[in-house]
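Subject: Structure handover

Hi,

Here is the structure I said I would pass on. Please open it alongside this note.

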Amino acid sequence: MNIDSLNKNIDSFAYWNVPEIDLSNHSIKEREDYFHRAYNLGFPSKYKELLTNAYEVKYVFVGINRGSAGTTGELGNFHGAIKSRDFRLAAAAYNTAVWGAFMTDLSDEVNSHSSDVTVTKYHVKKLIEHLRELDIPNTVTLIAIGKQAYNALEANKELIHGNIEHIPHYSGCNRPNGEPGHWDTEKVHQLLQQISKNN
């Protein structure tokens, strides 16, 4: 991976502070609570040394844009203020093959109301070009975070040679009420395991 081409405003990696306890005997819901307690603003510095080593990217999380709580400096996207609830994605991704995946957004617009952000074919083309700059192949599996990102990728899938997968958004707006598309950490954990098994 060509880390010199990272866009440090919207790019990041699926690493978060891991609770300093044995999580193996805890349910996914309990793990979410522990990740909540261990959460710190910004990209965890202990993982930065891993980024200096070239490695093969297999999965890319794709969001729509940065929320105003996510502007936390270098690689700080997806590691914003605790109210952004990134810890829910951390708990779901932990101990799966997507832990450490590359993360980016389709738009560099800062707006906590992503429904007000318009993404087009231009943004998907820009994403593919950016992945090329990073030496990430166009055959990588894209995991859309939220329906809006998924719809944008699917509408332009002729530009994409890898698989397009989808998980709900971890935002607090997506409450675990059992409705389709809403966040449930255990279900998303299982979904991420299934995605890695199939890709």
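Below is what turned up, topic by topic.

First, a caveat: this is a predicted model.

Helix packing

Helix H2 (residues 86-93) packs against helix H5 (residues 185-198). The angle is about 50°, and the axes are 8 Å apart. H2 is therefore oblique to H5. The crossing of H2 past H5 is right-handed. On the H2 side, the contact uses Arg88, Ala91, Ala92 and Ala93. H5 contributes Thr185, Val188, His189 and Leu192. By class, that contact has five nonpolar residues, two polar and one charged.

Nonpolar core

The largest nonpolar core holds 57 residues. Which of them touch the most other members? They are Phe61, Phe102, Leu153 and Leu192. At least two residues each come from strands E2 (59-63), E3 (102-105), E4 (141-145) and E5 (164-167). H2 gives the largest share, six residues.

Leu192 links the two topics: this residue is part of the H2 contact on H5, and it is also among the core residues that touch the most other members.

Leu153 deserves a look of its own. Leaving aside residues up to four places away in sequence, Leu153 touches Val62, Leu106, Val124, Leu127, Leu142, Ala144, Ile160 and Ile164.

A buried loop residue

Ala14 sits in the loop between strand E1 (12-13) and helix H1 (28-38). Is Ala14 buried or exposed? Its relative accessibility is 0%, so Ala14 counts as buried. What does Ala14 touch, not counting residues up to four places away in sequence? The list is Phe61, Val98, Trp99, Gly100, Ala101 and Met103. Ala14 and Val60 are 46 residues apart along the chain, and their C-alpha atoms are separated by 9.2 Å.

Positive phi

Asn95 is not a glycine, yet has a positive phi of about 65°. Asn95 lies in the loop between H2 and E3. Its relative accessibility is 57%, so Asn95 counts as exposed.

Asp135 is another non-glycine residue with positive phi, near 65°. The loop between H3 and E4 holds Asp135. Asp135 is exposed too, with a relative accessible area of 56%. The cut-off for exposed is over 50%.

Best wishes

Technical notes: Residues numbered from 1 in each chain as written. Predicted model: local features only at pLDDT ≥ 70, side-chain atom pairs only at ≥ 80, totals over all residues. Heavy atoms only, no water. Axes fitted to C-alpha atoms, helices over the stretch in contact; angles between N-to-C directions. Helix = DSSP H or I, 4+ residues; strand = E, 2+ residues; numbered from the N terminus. Parallel < 35°, antiparallel > 145°, perpendicular 65-115°, else oblique. Left-handed = near helix turned anticlockwise from the far one by under 90°. Contact = heavy atoms within 4.5 Å. Nonpolar A, V, L, I, M, F, W, Y, C, P; charged D, E, K, R; others polar. Core = buried A, V, L, I, M, F, W, Y, C linked by side-chain atoms within 4.5 Å. Buried < 20%, exposed > 50% of the residue type's maximum accessible area, 1.4 Å probe, protein only.
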